[in-house]
Amino acid sequence: MLRNRRNWAAVALIVAAIGVTLVFTKSGEESIGGHWDFQNSIEAMEVCRIEMLTIVADTIDIYTSTIGDGFLGGAVRELGISGGQYLSTCGVLMDSLGWNVQRAGDTLTATYNHGQLSELRAYPGNRRGFYRILFSEGSPSLWEYVPQERWIRQRAISCDISTTVWAALWDTALPPDLTESGILVSSRDSSRAVGYISELQRALTDRLFVYDIDFYYDVKVGDKLWILIEENRYPMDGETGFRRILAAKYQFAHGGIAEAFPFFHRPEDAEVAEIILDHYHRDGASLRTMFLKMPVPYGRISSSYSSGRMHPVLGYTRAHRGIDYASPMGTEIYAVGDGTITVRSWCGGYGNMVRVRHANGYETGYGHMNGYAAGQSVGGYVRQGEIIGYVGSTGLSTGPHVHFEMKRNGEYVNPATEIMPPADPLEGEELSRFLSEMTVIEAQWSMLVGIDLPVPDPEVEIESDTDVQTESEESAE
Ligand SMILES: [Zn+2]
């Protein structure tokens, strides 16, 4: 898997610079009457090019290796990195840069200058951008995550539900420039399309409307859906990625509209000056409850909260002050509520653990993780549903699961029976700002869609199907 290539870009630049110098020097001579032979200059450039190639070939080498079975060490060694340099490189990548979970297909490149390691780049396959470590005298001197350049744009989609939400999104929501060619030609294109619609649907059904619409029972043929989408546009490779839902309206054929309006603000309990996006109902009530039901997208309860049980590893009875969710190794673990990371380290029997402090005296803990999410640290603010780590079996554990526990004012509580209070509604100055912004957003959104988007009327309850059809026809034209 080892590949060595010359640094052609550098060569081309140097040759071009020499070429320009030659041409300008010669034309200068010509203007004062000297003889300038074009063929001579070309030959001189060719000699230069060959000399430069020889020099560069002897000074810069770039090696590439690919992670096979998710083992970072093997790929690093393949680049010719060993000993203390091996330890410091792995340490920087995993601890300082937080690249804890490597996947098959992730690649590494190492640049050697005069045989001395000068730069290492790690390209995680599931992210846009790369980790970079610069070496000085063979030791890591500077490291950072370099995100890929991107544009953020908005797009409005309108769907008629004829079978399922998934089918409606698949038919209408894919961006025309999802891939560079604009059509789905390869299997990679197809999986990108499936990935796009999956992310969009999950944001809609599992996050935005999770407490407003039951997408198994409430959805009927004839329902309508409008979504304002934010997308990432990557000019480098001509691709588009889903970013988030900005606003959404779901109109039921049998009457009623569920809405989600965006409001950008800074949470009071955040320790970082970050502007975040929350979604609200028309009246400024939050769409969210304070906590999600569980910290994994899927999984079964393998052990519930109890005051005493036989511990499977220790072999004696002790309280289990949390809930275990058995999930496949590597499954995403979410923060169940907004909060600040207070623990992100090895905690004895808990293995790799993250704890998050929430508002109103709550704290949640997530144990036995396989690895942590990249780019987070103690003191950082995480949002509800944000990935904080991956399911593993570290610490005292018999198989892959997440141990999920909750404390209130320092006392253990059962997360299953703990009251789930709704997130705070907007009040005062924030509420009036939200209400005025909402009017603007709704007007702009209607212009993008090309119709006047429906607005729920609190006075008149729509009862019969005929009324709904009339209204739909009016608004659809
Ligand atoms: Zn447990």
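Predicted model: local features only at pLDDT ≥ 70, side-chain atom pairs only at ≥ 80, totals over all residues.
Trainee: Let's start with strand S21, residues 387-391. How many of its 5 residues are buried?

Mentor: A residue counts as buried if 20 or more other C-beta atoms lie within 10 Å of its own. S21 is largely enclosed by the rest of the structure, because the number of its 5 residues that are buried is 4.

Trainee: On to the helices. Are H5 and H6 parallel or oblique to each other?

Mentor: Helix H5 holds residues 165-172 and helix H6 holds residues 187-208. They pack at an angle of about 130 degrees, with their axes 10 Å apart. Angles over 145 degrees would count as roughly antiparallel and 65 to 115 as roughly perpendicular, so the rest are oblique. The two helices are therefore oblique.

Trainee: What is the handedness of their crossing, and which residues of H6 make the contact?

Mentor: The crossing of H5 and H6 is right-handed. H5 brings Val165, Trp166, Leu169 and Trp170 to the contact. By class, the contact has 6 nonpolar, 2 polar and no charged residues. From H6, the contact residues are Ile197, Leu200, Gln201 and Thr205.

Trainee: Now for the backbone. Where is glutamate 137, and is it buried or exposed?

Mentor: Most residues other than glycine have a negative phi. Glutamate 137 has a positive phi, near 55 degrees. Its place is in the loop between strand S5 (129-136) and strand S6 (139-147). Because glutamate 137 has 7 other C-beta atoms within 10 Å, and 12 or fewer is the cut-off, it is exposed.

Trainee: Histidine 368 also has a phi value to look at. In which strand is it, and is it buried or exposed?

Mentor: Phi of histidine 368 is near 65 degrees, a positive value in a residue other than glycine. The place of histidine 368 is in strand S19, which is joined to S21 by 3 bridges. With 25 C-beta neighbours inside 10 Å, histidine 368 counts as buried.

How values were computed:
Residues numbered from 1 in each chain as written. Pairing = 2+ DSSP bridges. Axes fitted to C-alpha atoms, helices over the stretch in contact; angles between N-to-C directions. Parallel < 35°, antiparallel > 145°, perpendicular 65-115°, else oblique. Left-handed = near helix turned anticlockwise from the far one by under 90°. Contact = placed C-beta atoms within 7 Å. Nonpolar A, V, L, I, M, F, W, Y, C, P; charged D, E, K, R; others polar.
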